[in-house]
Amino acid sequence: MPSAISQRLQTVVQKATRELYQSVPTLFQVGNGPAAQCDPSLFKRSAANVWGSGTACLCYCWFQQGHDAVPGEKPSPSSSCLKHLQAILKYLDDITPAMCIMAAVLRIINPSQFFQCFQLPQWITACVPINHWREMLDLLEFWASPFHCMQVIINRETLNHRDTRGWAFGYDLLATFGRYSNGVLDLPSIGLSCAYNPGTITGLMGKVLIHGVKPVNGERFCFAQFVQPGVFLWAFPNTKELQLPHLLDIDIRANTMDFKWERFQGTLRTYTFTPMSINHEL
């Protein structure tokens, strides 16, 4: 979905990401994750870097290091969120409109997955025994996404790969930002190469499709939002497998769609989108 995020909102997200990197540079790691994707040579390092380089995994609930559930183990927020909670909360607040747009995209392209993903925070807030439950509630207050995990990837070439630990029955969401040209998202398993300019949002079945992003001219960072299946299987143990969403179940019966995100403290924000074009100044 090209130009899904307006230039004005891109500027807000760029400023927030730059401030987060400058305030907590250790949050962004090089060489932390799958070896092929975290080779230091894939990260751009130069004096001209505006946003630095590295990856940060922000999750309000997951099993550490992306591991699946094991008997007796409880999920918790990612260690990066626990170590830098106040900085992460400010960042989530700053990028709320962009997160809401990404959520609205999922609501349009796959409504069943959208509602299924929101079952998790509803269940968590019922006070289940979870590690760092109070910090998790703090994160949820500012978490405007149906996905419970998001990776912020700055100035990294992404080699062609599949997300082997991902959710096979639903979409991951990608949003790209920056000051660059020549952005291309490769999907070699289906023979496609797509323009990947700043402000683009992509719904992708990352465990099924091989995908990658070639080096760009300039600086780029992206949000990668995803589900850790083990968390859902832990939360809903009577479900042998995740419900198969109705892929491409697009509902555009109304001319516009209101996406509402209500914080626990009672603040209500409403954003209205036109399904076929959500390039709005928020």
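This is a predicted model: local features need pLDDT of at least 70, side-chain atom pairs count only at pLDDT 80 or more; totals for chains, interfaces and linings use all residues.
**Entry 1. Two neighbouring helices**

I began at the contact of two helices, where L92, D93 and D94 in α3 meet T96, P97 and M99 in α4. By type, the residues of this contact are three nonpolar, one polar and two charged. Next I looked up the axes. Those of α3 and helix α4 (residues 96-109) come within 5 Å and cross at roughly 60°. I noted both values because two packed helices are described by the angle between their axes and the distance between the axes.

The chain has a mean pLDDT of 79, and 75% of its residues reach 70 or more.

**Entry 2. The five-stranded sheet**

I traced an open sheet of five strands, in the order β1-β2-β9-β4-β7, with antiparallel pairing. Its edge strands are β1 and β7 (201-204), and each of them pairs on one side only. From one strand to the next the twist averages 20°.

Strand β1 (residues 54-59) joins strand β2 (residues 149-154) through six bridges, and the two run antiparallel. I looked up two partners in β2. C57 has Q151 as its bridge partner, and L58 has M150.

Is β1 mostly covered or mostly open? It is mostly covered, with six of its six residues buried. I checked the faces separately, because in a regular strand the side chains alternate between the two faces of the sheet. G54, A56 and L58 are buried on one side of β1, and T55, C57 and C59 are buried on the other.

Then I moved to β4. Why is strand β4 (residues 172-181) described as largely enclosed by the rest of the structure? Eight of its 10 residues are buried, so the rest of the structure largely encloses β4. Strand β4 has antiparallel partners on record here. Nine bridges join β4 to strand β9 (residues 217-226), and four join β4 to β7. I looked up one residue on each side. G178 stands opposite R220 in β9, while L174 has T202 in β7 as its bridge partner.

**Entry 3. The four-stranded sheet**

I found another open sheet, made of four strands in the order β3-β8-β5-β6, again antiparallel in its pairing.

I followed β3 to its partner. β3 and strand β8 (residues 211-213) pair in the antiparallel sense over two bridges. In one of these, T158 has V213 in β8 as its bridge partner.

**Entry 4. Aromatic rings**

I turned to the rings. The count comes to eight aromatic pairs. What kind of pair do F114 and F115 form? Their ring centres are 5.1 Å apart and their planes stand at 85°, so the pair is edge-to-face. I checked how covered each residue is. F114 is buried, at 6% relative accessible area. F115 is partly exposed, at 48% relative accessibility.

F114 also pairs with F118. That pair is edge-to-face too, at 5.1 Å centre to centre and 80° between the planes. Here both F114 and F118 are buried. I also noted one aromatic cluster, formed by Y91, F177, F221 and F223.

**Entry 5. One exposed glutamine**

Last, I looked up Q22, which is found in helix α1 (residues 7-23). Is Q22 buried or exposed? It counts as exposed, at 56% relative accessibility. I then took the C-alpha distance from Q22 to W51. The two are 29 residues apart in sequence and 8.1 Å apart in space.

Terms used: Residues are numbered from 1 along each chain as its sequence is written. Side-chain values use heavy atoms; hydrogens and water are left out. Rings of Phe, Tyr and Trp (its six-membered ring) pair if their centres lie within 6.5 Å; planes under 30 degrees apart count as stacked, over 60 as edge-to-face and the rest as tilted. Buried means under 20% relative accessible area, exposed over 50%, partly exposed in between (1.4 Å probe, protein chains only). pLDDT is the predictor's confidence in each residue, from 0 to 100. Axes are lines fitted to C-alpha atoms, for helices over the stretch in contact, and angles run from 0 to 180 degrees between N-to-C directions. Contact means heavy atoms within 4.5 Å. Ala, Val, Leu, Ile, Met, Phe, Trp, Tyr, Cys and Pro count as nonpolar, Asp, Glu, Lys and Arg as charged, and the others, Gly among them, as polar. Two strands pair if DSSP finds at least two bridges between them.
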